[in-house]
Amino acid sequence: MRALVELGNHRALSGAGRRAFIIDECGSLTKPAWNSMLKMLEEPPNHLYIMLCTTELAKVPETILTRCYHVALRAVKPNVIEELLTVISDIEGWTVTNDVMAAIIQVSTGQPRKALSILQVVHDAETREEVNRIIALMDASEPLIELCQLLLKGQTAWELVQPLLAKLDEDDFENGLMGAGRYIATVLMRTSNQAAAERAWILIDAMTFPTTTYDKKVHFLSAIGRICFGAS
């Protein structure tokens, strides 16, 4: 955060010198991080725009909220979600049936990111029933999908992984490995990038490592620990 604050003091080399910071999931920032950016929020340079995004407003300190203009985003309309999914499907060369498209739109509840996450996994499904079955695994919860995406990027630092683990409830662990494995396996099969494929395989290997416990939560956390801390 200190590096970000320092960067914000300097004008960009393009865009008439303007600079914009978009901090997603800002509710996960630590207290020292918030303190570091407090002065920047109080007296931002004229060239700097700061956007703090969160779905958990209660986690943002009051001292920060009072220095921000609050914009509540509405759910995106179904026809806009459909247009987005159609564009992405065309770019990727995916043929998505009307039933599958309708199921994705319904489950995404107006959230583009959620719709794209689901599309990536179910685009080759043939029926709504198959989509619902896969989504039931994915619906292990959105934090589980976010966790998979984080690990697939190679971001295994505990301070990044722990907030997502904390969002999982007890029911999520019942099918956690199955849902995560299915998601990562789909990414593995679809990617042509050698490094991305190797990373996905490492994750699957860690998740399928033999264990002597019958507790699914312990098994899941054992796999995550193996990934984050390199246990052998």
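**Figure 1. One aromatic pair is present in the structure**. The model is predicted, with local features requiring pLDDT of at least 70, side-chain atom pairs counted only at pLDDT 80 or more, and totals for chains, interfaces and linings using all residues. Residues are numbered from 1 along each chain as its sequence is written, and side-chain values use heavy atoms, leaving out hydrogens and water. The ring centres of W158 and F229 lie 5.5 Å apart with planes at 40°, so the pair is tilted. Rings of Phe, Tyr and Trp (its six-membered ring) pair if their centres lie within 6.5 Å; planes under 30 degrees apart count as stacked, over 60 as edge-to-face and the rest as tilted. Because W158 belongs to helix α9 (residues 158–167) and F229 to helix α12 (residues 216–229), the pair ties together parts 71 residues apart in sequence. Helices are DSSP runs (H or I, at least four residues) and strands are runs of E (at least two), numbered from the N terminus. W158 is partly exposed, at 38% relative accessible area, whereas F229 is exposed, at 58%. Buried means under 20%, exposed over 50% and partly exposed in between (1.4 Å probe, protein chains only).

**Figure 2. R226 is placed over the face of F209**. The distance to the ring centre is 3.9 Å. The criterion is NZ of Lys or CZ of Arg within 6 Å of the ring centre and within 35 degrees of the ring normal.

**Figure 3. Helix α5 (residues 98–108) contributes buried residues**. These are V100, M101, A103, I104, I105, V107 and S108. Just after α5, T109 adopts a positive phi of about 50°.
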